[in-house]
Amino acid sequence: MPPVEQPVVNAVISVLVENETGALGRVIGLFSGRGYNIDSLTVAPVEDGRNRSRINIATSGTPMIIEQIKAQLDRLVPVHRVSDLTQEGPHVAREMALVKVVSSGEARSEALRIANAFRARPIDTSVESFVFELTGATDKLDAFIELLRPLGLVEVSRTGIAAIARGSRVL
Amino acid sequence: MTAHTAEAPRAQIDDSPITPTRNGAEVLIDVLVEQGVEVIFGYPGGAVLPIYDALFKQDRIRHILVRHEQAAVHAAEGYARSTGKPGVVLVTSGPGATNAVTGLLDALMDSIPLVCLTGQVPTHVIGSDAFQEADTTGITRPCTKHNYLVKSGNDLARVVHEAFHVATSGRPGPVVVDLPKDVVVAPAPYLSRPTRPHRSYQPQRTPDPAAIAEAVALLRTAERPLIYVGGGVINAGPEASAALRRFVALTGFPVTSTLMGLGAIDADDASFIGMLGMHGAYEANLATHGCDVLLNIGARFDDRVTGRLDAFSPDSRKIHIDIDPSSINKIVRVAVPVVADARLAIEALIDAWGEATPKPDIAPWWRQIDAWRAIDSLAISQPEGEDAVIKPQYAIRRLYEMTRASGRDTFISTEVGQHQMWAAQHFGFDRPNRWLTSGGLGTMGYGLPAAAGAQIAHPEALCIDIAGEASILMNIQELGTLAQYRLPVKIFILNNRYMGMVRQWQELLHGSRYSESYSDALPDFVKLAESFHAKGLRATKLGELDGVIAEMLAHDGPVVAEISVDEFENVFPMIPSGAAHNEMILGAAQSSQAAGITEEGMMLV
């Protein structure tokens, strides 16, 4: 069976790891060392009593590469569980962006109107600037940022996605 | 001096520390003893002085002083591969740890169980660029199966026990435990080996019965089956090789082996059709190309084996048994994946196949294989006469025949290059764990320390390093280790005055421009041996070869035998890079074919 060129797909992978020194480094080193993509990566402790962190990785590759990524992650010693949220059923993924706009006059009011339409909250305001907070799917954040670009957008800070399966399924 | 031995404190209940009365270094030794460690290969230095002090005050573990930390790791690999037990290494911080890195990666690539204890600067100065400080866990992370930095004496015993578990279970590999000096100086509690399973690391060993049933169903339909075995069968223990032989006897299927799998099946077994891959036998590669069902047991479709991927075994349905799920569908898509220990999987195959099942009729396939065999792709053309130049392949064949005639248990290590391939082609192995070679990483300088490690484990056995004159110089300092411990290792140097494999590729791919591959200014190996208290021998023509081998085998101390061989002999057969298995070059007469190698092929290694 000669390898067939496969299409590149996106995947969101959640990993439950023992919260120990170097665990994140192992995950990141795995991606850089084997040439896999990281589109975004988030990590935070999630189970206080059990000392575990959850890493959410948005990645892309052929289905064979995505399978490899999961197998490679799964064999890391501190990794408890690996779940491909994209493949294992519907999931929700959200990220937050803080977006700074410096402008005045019509551009400033247009920025505020767009923020309202996106339900972004101004969380800091000065005479010539806004910082908007927006939570949502990655493409919604992308669209928001694109719209603000001509309206004085100067800085963006994004969290990367947190993702979880829909329904009663758990990692 | 060893008064503490008998009354070494032991915790009554798992994970319940008792009041520590012994320092971390002494506790470390206790843990190693509980893990069954008998030998440590190491080299002292500032950060590990407390551990060396604890070693001095005991007699339960033997320490072998090497002459370079890289050699400590290779010696531990030789020890591990020849015994099936984990090898243990002890090196100091900074340069001690960085010198060990090549060996660690070598062990990772070849799945050799090791625990490497590295010294570290005290915890309170970590990060300050202290003397002999290195970020050892950072540096070794991609070179180990796992690594640990022990930040507190309370974690010491638990972590070291865990390191042995990780190194030896699942797919074996090297594990580093980085030990800051203050942790081994301060008192630490002893903990026994844990009985609970690891929190997150629980590799699957037993095969899924459904996958085994599917594999057997596929094997029963095969008209042109082939079994392809790798180092996983060796790593699964001698019982795995025994099970393989039963399965082969039961089915009558042909078997080929990777470089790392040699010895899993008896080289003389009629079902064994030789090593496959870049320098594999013609019949093995043509059978791989032509088979309709390929059963891979413990091999990983390495690029040395597959050649051009889109032409690799194009008409076969593939079964892949591997203990590492990430090895499956990594390079070659398979129809039936089986995650399991090789022994358990083969035994399950035998059960599912049925001991009473008659052998399937695959006579036409065997006729085809026998026709390929008749080509005799490994034939040696040794000119006759006392003064004839020695062909390197012939030297190895004679070494094989004469060691075999001696009846002694023989362990062969190699360096890396042409001599390694010739050894793989012409030295036959009837048992597992007798062949020690650097397969995945291809580390020149592996063979001498590996042979030393094997000799430590098997004092009565015949341990021979088949070497080239270039490779041997990469860890030649280990002649000192042989002398100190009176290790009767035999070093059989095939001297062709070139880094032969480099030269071969330059000849085939780079217009015979032998850039920097000539072994200039070589030492006098006989005098070199003598200066290290070993026996030095030399054969320069055919008439001297048997005498030198006989004298080497008869001497009960270390020997360096330099065999001057034909300078321009190349390793054939060969699948040129970027070519398919059915495009092999059989010999020099055909090597002009290599000129047809595409630019794409030239970019491959």
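**From the surface to one helix**

Chain A exposes about 8800 Å². Carbon and sulfur atoms supply 54% of that area. Such accessible areas come from the Shrake-Rupley method with a 1.4 Å probe; for residues, only the protein chains shown count as cover.

The model is predicted: local features need pLDDT of at least 70, side-chain atom pairs count only at pLDDT 80 or more, and totals for chains, interfaces and linings use all residues. Residues are numbered from 1 along each chain as its sequence is written, chains are lettered from A and ligands numbered from 1 in the order in which they are written, and side-chain values use heavy atoms, with hydrogens and water left out.

Helices (H or I, at least four residues) and strands (E, at least two) are DSSP runs, numbered from the N terminus. Read from that end, the order is β-α-β-β-α-β-β-α-β-β-α-β-β. The C-alpha atoms of chain A fill a box of roughly 60 × 45 × 35 Å along the principal axes. Of its 171 residues, 42% are buried. Buried means under 20% relative accessible area, exposed over 50%, and partly exposed in between (1.4 Å probe, protein chains only). Take the contacts of chain A with a separation of 6 or more: residues 24 or more positions apart account for 72% of them. A contact means heavy atoms within 4.5 Å.

Which residues of helix 8 of chain B are buried? They are B:A211, B:I212, B:A215, B:V216, B:L218 and B:L219.

What do the buried residues of helix 8 pack against? Their partners in chain B are helix 10 (238–251), strand 12 (293–297), strand 13 (317–322), strand 14 (336–339) and helix 13 (342–353).

After helix 10 comes B:G252, whose phi is positive, near 75°.

That brings up backbone angles. Most residues other than glycine have a negative phi, and most peptide bonds are trans. A few places in this model read otherwise. A:N51 is not a glycine, yet its phi is positive, about 60°. A:N51 sits in the loop between strand 2 (40–47) and strand 3 (52–61) of chain A. It is partly exposed, with a relative accessible area of 37%. B:A521 also has a positive phi, near 50°. Its loop lies between helix 19 (500–509) and helix 20 (525–531) of chain B. At 74% relative accessibility, B:A521 counts as exposed. A cis peptide bond joins B:F572 and B:P573, with omega about 0°. B:P573 lies in the loop between strand 20 (559–564) and helix 22 (599–603) of chain B.

B:T136 belongs to helix 5 (residues 136–140). It is buried, with a relative accessible area of 2%. B:T98 is 38 residues away in sequence, and 7.5 Å away from C-alpha to C-alpha. Leaving out residues up to four places away in sequence, B:T136 touches B:A97, B:T118, B:Q120, B:N147, B:V176 and B:D178.

B:L473 is in the loop between strand 17 (462–468) and helix 18 (479–484) of chain B. At 35% relative accessibility, B:L473 counts as partly exposed. With residues up to four places away in sequence set aside, it touches B:L522, B:P523 and B:F525.
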